[in-house]
Amino acid sequence: MEGPDSARLQWEPGWGTWIPRLGCAATSASAVLELMDQHLIKDFQDHPLSSVYAIHQMDSPAHRRDSIKQYAAAVTCQDRTIADWLAAVTSDAVPPEANNQLQTVRRDYFQRTLTTVMANTTREHLERAIFQRWLYADALENQSLHIDPSEDRRHAYQWHKPSGDPDRKRSGGMLGANRLAIEALPLFVSLPEGMRLHTLGFAGFRSKDTRWTWPIWDRPLTFSVTSSLLTLPELQEVEFSRAAVRGLRERGVGAVFRSRRILVAKTPNFAVAECIA
């Protein structure tokens, strides 16, 4: 499989929203799916995240620090996979309960959820996530990362009590999208701030003031350029001036979206995003 910068992604207006367009060496939908089916790891224990998460769970700061140093020493210019996962998931300067702010699944359920998502995702799930309109026809129970706003399970928004909703066993999720979202986690580096991890794109820590902001770009960008684009400090403005918006447009940013990270009972969720620039 070619390197990550052999592919380019951009967004185009359509259906009243933004639609992703992928440019890569694969010349057909079938070829793209074949590549993904071959290279997406299906067993959590074989995934780099397995080793990194095991380090993150260590209660001993000394052991966690030594393990991080050991993996960091093995990083090369040709392969920094583990380093990227470590930078997103953990740090030797915070306790193990400090999570990447994109992690909304409860800590005691997270590994089981990752294992289920990886094992259950098929080529059909990927096809429906990438090439078809989302119908949310996959089961939610034990195989959702709680990133989609449809996971907002407040009582007033549904017929059934969230903890006993029978529909979660049958529908409500996009399994293929959850599987692909796992691979994007290294883009969102987390740095220590006090005893917590502050994740790229986020502001705030409390349920009342935490927000996640991200850009939509309308020009074909490689993985490396996308990674750099996410770090733009202008994206974190509370309010955007005309000059700031003009600067973002000149850099290929067609829109900026923001979502609040809310707490429903004891489970974090993301509210419906708003276009703010």
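Ser207 touches Arg261, Ile262 and Leu263, leaving aside residues up to four places away in sequence; contact here means heavy atoms within 4.5 Å. Ser207 sits in the loop between β7 (202-203) and β8 (211-217). Helices (H or I, at least four residues) and strands (E, at least two) are DSSP runs, numbered from the N terminus. Ser207 counts as partly exposed because its relative accessibility is 37%. The scale behind that word is as follows: buried means under 20% relative accessible area, exposed over 50%, and partly exposed in between (1.4 Å probe, protein chains only). Between the C-alpha atoms of Ser207 and Pro268 there are 8.1 Å in space, while the two residues are 61 apart in sequence.

The model is predicted, so local features need pLDDT of at least 70 and side-chain atom pairs count only at pLDDT 80 or more, whereas totals for chains, interfaces and linings use all residues. Residues are numbered from 1 along each chain as its sequence is written, and side-chain values use heavy atoms, with hydrogens and water left out.

**Helices α2 and α4**

In helix α2 (residues 48-56), the buried residues are Leu49, Ser50, Val52, Tyr53, Ile55 and His56. These buried residues pack against four helices: α3 (61-73), α4 (81-89), α5 (107-120) and α7 (175-184). Thr81 is placed in helix α4. With 36% relative accessibility, Thr81 counts as partly exposed. The C-alpha atoms of Thr81 and Ser259 are separated by 28 Å, and the two residues are 178 apart along the chain.

**Cavities**

Rolling a probe the size of a water molecule over the atoms shows where empty space is left. A cavity is a set of points, on a 1 Å grid over the protein atoms alone, where a 1.4 Å probe fits but cannot get out; lining residues have an atom within 4 Å of a point. Grid points are joined across faces, edges and corners, and a volume is the space filled by probe spheres set on the points. By this rule there are 3 cavities of 30 Å³ or more.

The largest cavity holds about 60 Å³ of space. Its lining consists of Met36, Asp37, Leu40, Ile41, Lys42, Met118, Thr121, Thr122, Leu126 and Arg179. Sorted by class, this lining has 5 nonpolar, 2 polar and 3 charged residues. In this sorting, Ala, Val, Leu, Ile, Met, Phe, Trp, Tyr, Cys and Pro count as nonpolar, Asp, Glu, Lys and Arg as charged, and the others, Gly among them, as polar.

The second largest cavity has about 40 Å³ of space. Around it stand His56, Val89, Asn99, Asn100, Gln103, Phe110 and Leu185. This lining has 3 nonpolar and 4 polar residues, and no charged ones.

**Salt bridges**

Side chains of opposite charge can pair when their charged atoms come close. A salt bridge is a side-chain nitrogen of Lys or Arg within 4 Å of a carboxyl oxygen of Asp or Glu. The structure contains 11 salt bridges. The table lists some of them.

| Residue pair | N to O distance |
|---|---|
| Glu12 and Arg21 | 2.8 Å |
| Arg219 and Asp218 | 3.6 Å |
| Arg251 and Glu234 | 3.4 Å |

Arg251 is partly exposed at 46% relative accessible area, and Glu234 is partly exposed at 24%.

In the Glu12 and Arg21 pair, Glu12 is partly exposed at 28% relative accessibility, and Arg21 is partly exposed at 47%. Arg219 is also partly exposed, at 41%, and Asp218 is partly exposed at 32%.

**Cysteines**

A disulfide is a covalent bond between the sulfur atoms of two cysteines. With the cut-off for a disulfide set at cysteine sulfur atoms within 2.5 Å, a search of the whole structure finds 0 disulfides. Cys24 is partly exposed, with 28% relative accessible area, and Cys275 is partly exposed at 48%.

**Positive phi angles**

Tyr136, a residue other than glycine, has a positive phi near 50 degrees. Its place is in the loop between α6 (123-130) and β3 (138-139). Asn142 has a positive phi near 65 degrees and is found in the loop between β3 and β4 (172-173).

Key
On a 1 Å grid over the protein atoms alone, a cavity is a set of points where a 1.4 Å probe fits but cannot get out, and a pocket is an open set with protein on both sides within 12 Å along at least five of seven lines; lining residues have an atom within 4 Å of a point.
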